[in-house]
Structure formats: C-alpha cells, structure tokens
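I'll jot down what I look up as I go.

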Amino acid sequence: MLLALALAERGFDVGAIGLLVGAGLAGSAVATALVAWRGDRLDARTALLVATAFTALGYFAVASLRSPTLLGLAAFLGMVNGFGRDRGAAQTLDLSLLANTVTPSDRTRVFSRYTFVQEVAGAVGALGAASPTVLGVSVPAVFLGVAVLSALPLFFYNGLSSEAHAGAALASSPEVKHDPVGRRRVSSLAALTALDSLGGGFLAGSILAYWFFRRFGLAPESLALLFFTARALNAMSYLVAERLARRFGLIRTMVFTHLPSSALLLMVPVVPVAWLAIALFLARESLVQMDVPTRQSYMAAVVPPSARTFVLGVTGVVRSSGWAVGAPLAGLAMSIGLAAPLYLGAGLKILYDLALFRAFQAVRPPEE
C-alpha cells in the first residue's frame with residue numbers, strides 16, 4: 001500500500017518506482033525457480049525459513065535505505081512485494097504440501113480457505129497504510145513494523161516436521177519429463193500464466209494506489225480504507241468461488257468471473273468522479289480473485305501428485321516474472337498516459353481468459 005508513496009516521497013519518479021517494484025518481483029521469481037527446479041534437493045522447512053528471513057530483511061532495508069542501487073538490490077534479495085499479494089516461493093511450497101495431504105474432493109475447499117485467511121490478513125494489513133496520518137507514525141516506522149510481521153512465520157515454519165521434505169522433493173518428477181501430455185499441459189499453463197501475470201504487473205497494488213492518488217488525490221488513509229475493503233471483498237469471494245466450482249466446474253468458474261472483472265476495470269478510468277471509480281473498482285475486486293484458489297486447485301489436479309511442486313513452481317516463476325516485467329512497463333506507460341496501465345492490464349487479462357477457456361475447457365479434474 002505505502003511502497004510507491006514512500007518511494008515518491010524520497011524523490012523517485014514513476015519510472016524508478018516501477019523498476020524497484022519490478023526488482024522485488026524478479027527476486028520472487030528467482031526464489032520460486034529455485035524451489036521448482038531444485039526442490040528434490042531442498043528441505044521444505046529450511047527453504048521456508050530462508051525465504052521468510054530474506055523477506056523480513058528486505059522490508060527492513062526499505063525502511064532504512066535511500067540509495068536507489070542499494071534499494072534495488074535489497075528489493076531483489078528480499079523479494080519485496082509491491083504487488084500486494086504473496087505469490088512467491090513460500091506459497092508454492094505451502095500449496096504443494098497442502099495438495100498432498102487432502103483428497104481431490106476437498107482440495108478446492110482447502111485452497112479456498114488458505115487464500116481466504118491470507119486475504120483477510122492482507123486486508124487488515126492494508127489498514128496500516130493509514131498509520132502515518134491517523135497515528136502520526138512515520139513511513140519508515142511502518143516498514144519496520146512490516147519487517148517484524150514478515151518475520152513472525154519463522155516460528156510457525158520452524159514447527160514443520162522433517163517429513164515435510166517428502167512433499168517438496170518433487171521437482172525432478174519423471175512423470176512430467178517423460179509424459180508428453182503432462183509436458184504439454186505444463187507448457188500451456190505456463191504460457192497462459194505468463195499472459196495473465198504480465199497483465200497483472202500493469203495492475204500491481206502499488207501502481208493502482210498511485211493511480212488513485214494522482215487521479216483523484218486520495219490521501220493515504222482513504223487509500224488504506226479502499227484497499228482494506230477491496231481485500232475483504234477478495235476474501236469473501238474465495239468462499240463463493242468454492243461453491244461455484246462445485247456447481248459449474250473449475251475452468252468455468254475461473255473464466256466467467258474473471259472476464260467481467262476486466263470489463264469493470266476498463267470502465268474505471270473513464271468515469272469523472274472518485275466515488276464512481278471506487279464503486280467500479282470494488283465491484284471488480286469482488287470478482288477478480290475468484291480464479292486464484294480455483295486455478296491453484298486446477299493446476300494441482302491435472303498433473304500427477306509427484307509433479308505438483310514442479311508445476312506450481314513453474315507457473316509461480318512465470319507469474320512472478322510477468323509481474324516483474326509488467327510493473328516497470330506500467331511505470332513507463334503511466335508516464336505517457338495516467339490510465340494506460342489499467343487499459344493494458346485489463347486487455348491482457350481478457351486475452352488470457354479467452355485463451356484459457358479454449359485450451360482447457362475439455363480437461364476436467366478428477367472430482368468433475
């Protein structure tokens with residue numbers, strides 16, 4: 001929430017902000033790649049502890065550094081997340097371990113609850129953006145708080161048993177390497193994920209917050225309330241997505257909730273008043289994330305169990321890479337036209353939905 005505004009206060013222009021956001025996402029992509037391709041040599045608990053520690057150090061650096069070079073390096077190593085949602089190496093391992101402990105009929109429900117908890121916590125965290133105005137706390141102090149909160153999972157991950165390694169040691173899956181159908185599915189899902197994540201990079205949370213700030217002059221406390229509401233709507237939509245998936249199937253739920261959300265986003269820049277833009281944005285947020293738990297469940301379902309870490313890792317790498325590319329491009333596009341990232345991001349996501357439905361509508365998971 002505060003990343004772009006904090007960087008702007010330090011004198012960074014919108015292009016530099018985009019590059020720094022992209023550096024953090026690029027770091028996340030590299031870490032996820034290590035999990036995907038070297039998972040057979042990684043202990044899940046150790047990998048989760050290392051990723052968490054680096055993230056906490058990255059936010060500490062954001063709170064204390066002013067040099068663009070050092071900030072860029074710290075953002076990369078710390079996987080600083082200007083997107084506003086965790087889609088990195090730790091989540092890849094989380095989801096793989098979860099998928100290996102539940103039945104196919106329960107998988108979407110468990111994934112939906114996982115993302116629900118994640119989103120509720122994110123919504124509460126978004127309120128922290130109001131701290132500088134409401135509580136008189138400095139922005140660097142807020143990021144110190146973020147660093148402390150980011151370190152808390154160390155205590156939980158440290159409690160994982162050594163058997164967690166069995167769930168993560170799957171990156172060299174022979175079933176994917178020697179199965180042409182599996183390879184095609186992984187390749188197709190990765191390509192589609194790249195398209196979707198490139199569009200998502202144009203719509204990073206820091207970019208959207210900056211757009212509302214520039215377009216309508218929304219203060220940090222107003223932005224905090226706006227994104228808190230958006231995250232709360234995201235969270236509730238996950239529970240709805242599970243029910244829709246049971247009735248209509250995973251692919252239909254993904255596509256036919258995602259398409260309308262992009263249409264709503266295309267309308268946001270053209271309305272002349274803040275309240276209407278906010279209403280359209282929140283309507284979009286009530287739909288746009290329904291494809292997250294359904295997509296994660298679908299990917300875990302259509303490949304062999306021994307390939308789940310691999311496919312979730314590969315698509316995670318592609319997603320982080322797309323965000324890392326899209327965020328700097330969004331900064332450049334915004335220097336040409338303030339609303340350009342919104343149009344480009346929505347357009348790319350519409351293409352993704354249409355291509356996904358055409359390619360995978362006939363590929364059903366076991367429970368369907």
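**Surface patch**

I started at Leu77, which comes out partly exposed, at a relative accessible area of 43%. The model is a predicted one, so I keep that in mind throughout. Leu77 sits in helix H4. I then looked up its surroundings and found a nonpolar surface patch made of Val30, Leu34, Val50, Phe54, Leu73, Phe76 and Leu77, together about 600 Å² of accessible area. Helices H2 (14-38), H3 (44-64) and H4 (68-77) each give two or more residues to the patch. H4 gives the most, with 3 residues.

**Cores**

Next I went inside. The largest nonpolar core has 59 residues, and Phe143, Trp211, Phe212, Phe227, Val268 and Phe281 have the most contacts within it. H13 supplies the largest share of this core, 7 residues. I also noted a second, separate core of 28 residues, with Leu95, Val314, Val318 and Phe360 among them.

**Helix H16**

Phe281 took me to H16, where it is one of the buried residues, along with Ala277, Leu280, Leu282, Arg284, Glu285 and Val288. H16 (residues 274-288) has 15 residues and reaches 20 Å from first C-alpha to last, close to the 21 Å expected. What covers its buried residues? I found that the cover includes helices H13 (205-216), H14 (220-248), H15 (250-267), H17 (291-301) and H19 (340-360).

**Salt bridges**

How many salt bridges does the structure hold? I get 8. In one, Glu119 pairs with Arg231, closest N and O atoms 2.3 Å apart. This pair links distant parts of the chain, as Glu119 is in helix H6 and Arg231 in helix H14, 112 residues apart. Glu119 and Arg231 are both buried.

Another is local: Arg109 and Asp106 meet at 3.5 Å, N to O. They are 3 residues apart in H6, so about one helical turn separates them. Arg109 is partly exposed at 23% relative accessible area, and Asp106 is partly exposed too, at 26%. I also logged a salt-bridge network that links Asp196, Arg319 and Lys349.

**Back to H6**

Last, I checked Val120, also in helix H6 (residues 104-126). Is Val120 buried or partly exposed? Its relative accessibility is 34%, so it counts as partly exposed. Val120 and Ala235 are 115 residues apart in sequence, yet their C-alphas lie 5.9 Å apart in space.

Methods: Residues numbered from 1 in each chain as written. Predicted model: local features only at pLDDT ≥ 70, side-chain atom pairs only at ≥ 80, totals over all residues. Heavy atoms only, no water. Patch = residues over 30% accessible without salt bridge, like charges linked within 9 Å, V, L, I, M, F, W, Y side chains within 5 Å. Areas by Shrake-Rupley, 256 points an atom, 1.4 Å probe, with all protein chains shown as cover. Salt bridge = Lys/Arg side-chain N within 4 Å of Asp/Glu carboxyl O. Helix = DSSP H or I, 4+ residues; strand = E, 2+ residues; numbered from the N terminus. Buried < 20%, exposed > 50% of the residue type's maximum accessible area, 1.4 Å probe, protein only. Expected span 1.5 Å × (residues − 1). Contact = heavy atoms within 4.5 Å. Core = buried A, V, L, I, M, F, W, Y, C linked by side-chain atoms within 4.5 Å.
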